[in-house]
Amino acid sequence: MAPILTVTNLTKKFSGLVAVNDVSFSLNQGEILAVIGPNGAGKSTLFKLISSFLRPTTGKVTFEGETISGRAPHAVARKGVVRTFQEATIFKALSVRDNVLVAHHLRSRAGLAGFFLGTTRARADEAEFARSTDDILGFLGLKDLADAEAGSLPQGHLRALGIAIGLATNPKVLLLDEPFAGMNHDETMRAVQLVKGVRDRGVTVMLVEHDMPAVMKISDRIVVLNFGQKIAEGTPSEIQRNQAVIDAYLGSEDESIGI
Amino acid sequence: MEQVLVNGLYLGAQYALIALGLTLIFALMNVLNFAHGQMYVLGGFVTYTVYGQWHLPFPVALVASAVSLALIGALLEKFLFRPVIRRSKRDESTMLLAAAVAFLFDAIILLVFGEKGRGVPKILNGVLNTGTIVIPYDRILVAALAVVFIAGFMAFMQFSKPGRAMRALAQDRTAAQLMGVNVNRYSNFGFALGALLAGLVGGLLVAIVGVNSGIGGAISTKAFLMVMIGGAGVVGGAIAGGLVLGMLEAVGLTVLHAYGDITYLVIFASLMIFLAIRPNGLMGKPWG
Amino acid sequence: MMSDRLQIIGYAVFAVVMLTVVPFFTVLAGRNDYLYTFTLIALLSIASAGVWITFAIGRINIGQSAYALVGGYVSAILVATYGVSFWLSIPLAGLFAACIAVVIGLPILRLRGVYFSMVTLVSTEVARLSALALPITKGAKGMVNLPMPGPIAIGGITLVPDFATLENPRIAFYYVAIILMLITFLLVWRLMRSRIGQLFVALQQNEDLAQSAGIDIARLRVIAYAISSFLGGVAGAVFSAVSQSVYPSSFTTQDSINFMLNCFLGGLGYVFGPIVGTFVLRFGWDLLFQAQRFQLLIYAAILIGLMLVLPNGLLSLIPSRKGAKR
């Protein structure tokens, strides 16, 4: 498996505090990789660095051989590296369908002026987006809610809509920020199936997550962070036996690793 | 040079006090109080009436200004801002409501006090002249009082129970609510306190420059500038902003005297550039 | 799409009334002053439409007066100093305002909430003070006695007569303003129904999310702001011709706030909100003239009352207009 995205010696300092310290790993085409670690380990900073919502202090992120760190987030998304957000981050006042429709924008071949004038190309784009939106909503089980105002959706559907928005961009790599946070067991299991489904559509997935059982169930490989540094990397069973990982979790008095 | 510095400090102390009230209301309720300048003018007219017309002592007049504005602030919050915040779909509504309140105050002030500028008898006579600095005693007194009020306000926010509650509220409304802070009561209290500060400065300055019904809007604009320079919603920022604007004006009016309005053009234009580079002012939190 | 059709029909009826019934009766009644009020309302609602577009991307713009002033001066200078046709000066004034908006907008549109509002508020003052200071704008005296708009002729056929030769130029100006207003709102409506409008709303809802979906938010924000300022410039240009003058105080901070109030009162969720808001506010103001010294008091009290009763605007009264959202 060839690496599609590579993180090389990534470091981020916030006014003296080192949030991410010299982290390197790579993400292989078609896998699901989870980044875990106790609270404050630097997971979300790493996540923002990869999606380019933060600029690294040193080091770089490359995607398909091209450096993406330091570029504008929308430009990175256009390359095919797309993030989702924690919690209910959606376009609240738009309908579910419009949420997904608008996220198709980076695929458009017509220009903005074309959409204003309603050119043939713009109309072709719109037709294509509508078809793809139906497909995505069907895949994520949101079809019946397509016309509902997004802000009124229950929690579980909100998360699905977040993923739908991500999928609309036709990403090569989807970065999921704590996709199972705040879910009960059943919801989590459904979401795990969903994420696997996303991978089966040919999208490489990287996720940052707290929920250990879910991570163990879903991931092909796991990267463990502690105090901003990578302390382990391997398959779920390797990570479960890794002494450094067990120590990190015991020392942090965080929730159990769920072995 | 010393003269310019003294003038700047004198102006800065007044300005800081105005900005403090505005920033407090903003920090607590995310409301940009367009009517702040009008509150200042109202405070001025109260002192004018009590001290200038009824010939009661100046301190009594100041207290009257403070109390009446605090009352007005509390009523505004309870009967206008709170319901609109609760019912509107957009955050912008409060800003527009504040603009309408500013109109209302302008109208009331004009009806009750007329267009004419009003002055009061001097509170202190005489001028301090050290050779390099010339400054009237009443200005020294007013500046000193302003500094005392600022210090008092900061101590209040730091050490009193309502002060601590309001700081918690400003930091994170939801968290403060979870911690058991009575959000409604302290929003109301904070709005009243902000209005009180505006009234107090208005009262203070009547003794120096008098009061004029039409200047509310201009005062508001200046207060916005200070808050922006320092960073919205931060006590230190309001004080810094007030001092910076006071100094800029003192220096600008001296150096660019011959050009008149150019002073303000330069100040405004540099402010726009400053904010474009440093969006949160000198010490503001991100995105206010 | 039924609601689309209803809106278009409603708008067409409104257009016909404004183009025939209103001028017929005002002329019949000999009320040139009403004609002037309508002209003003049309121009102010064009500027308000600009402010409405910045509302659509989630920015509160209190600086539209700056662009109206710029437009007024550009048109006045082009016409009076350089002898350019007034008709050509309208788009040029708009474009000039839009260019300034791009330059200023790139840095300041990164600001959100109050910070953006405050900078725009300051920009109104900067425009006023610049007009006072620059030699080309003739300082506090302003530019007065501007010539009337000249004729438009294509191939020897006069499409628009020379306004100076008209018996009643007021009615001619009325038509110019109303037609411009009708075109403006049709275009804004089209804009907001298109993907661009959807993108604007996405921006207003959540810029981070929009960005993560690959939307170039910086570019879209500048586009919205430039369109907004273009409309401000156009309104200012026509205003300078109508009043045949432009002063540093032709558009003030007060006007900037009024533009914002127009949008809000009509309803921020409705494209045609600014028209409704401007009509009601301006007419309300003029009607209250009877109240003399209580004019401002009553006006402010009514405004506050409306905000309490209808926090989402006048158009939220009409439930069937729900489709007009966005």
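Start by selecting α9 (216–230) of chain B and helix α10 (residues 235–255) of chain B in this predicted model. On the α9(B) side, show B:K222, B:L225, B:M226, B:V227, B:I229 and B:G230.

Now draw the two helix axes. α9(B) and α10(B) pack at an angle of about 115°. Their axes lie 7 Å apart. The crossing is right-handed.

Next, select the contact between chains B and C. Chain B supplies 42 residues, and chain C supplies 39. Stay on the chain B side. The elements giving two or more residues there are α3 (58–87), α4 (92–113), α9 (216–230) and α11 (262–277) of chain B. So which of these elements gives the most to the side of chain B that touches chain C? Pick α4(B), with 15 residues.

Move on to the largest nonpolar core. Its 300 residues include A:A164 and C:V238, the two that touch the most other members. For the largest share, select helix α1 (residues 2–29) of chain B, the source of 17 core residues.

Last stop: center on A:A164. What does A:A164 touch, leaving aside residues up to four places away in sequence? Show A:V100, A:I136, A:L137, A:L140 and A:L142.

Note on methods. Residues numbered from 1 in each chain as written. Chains lettered and ligands numbered in written order. Predicted model: local features only at pLDDT ≥ 70, side-chain atom pairs only at ≥ 80, totals over all residues. Core = buried A, V, L, I, M, F, W, Y, C linked by C-beta atoms within 7 Å. Buried ≥ 20, exposed ≤ 12 C-beta atoms within 10 Å, placed from the backbone. Helix = DSSP H or I, 4+ residues; strand = E, 2+ residues; numbered from the N terminus. Contact = placed C-beta atoms within 7 Å. Axes fitted to C-alpha atoms, helices over the stretch in contact; angles between N-to-C directions. Left-handed = near helix turned anticlockwise from the far one by under 90°.
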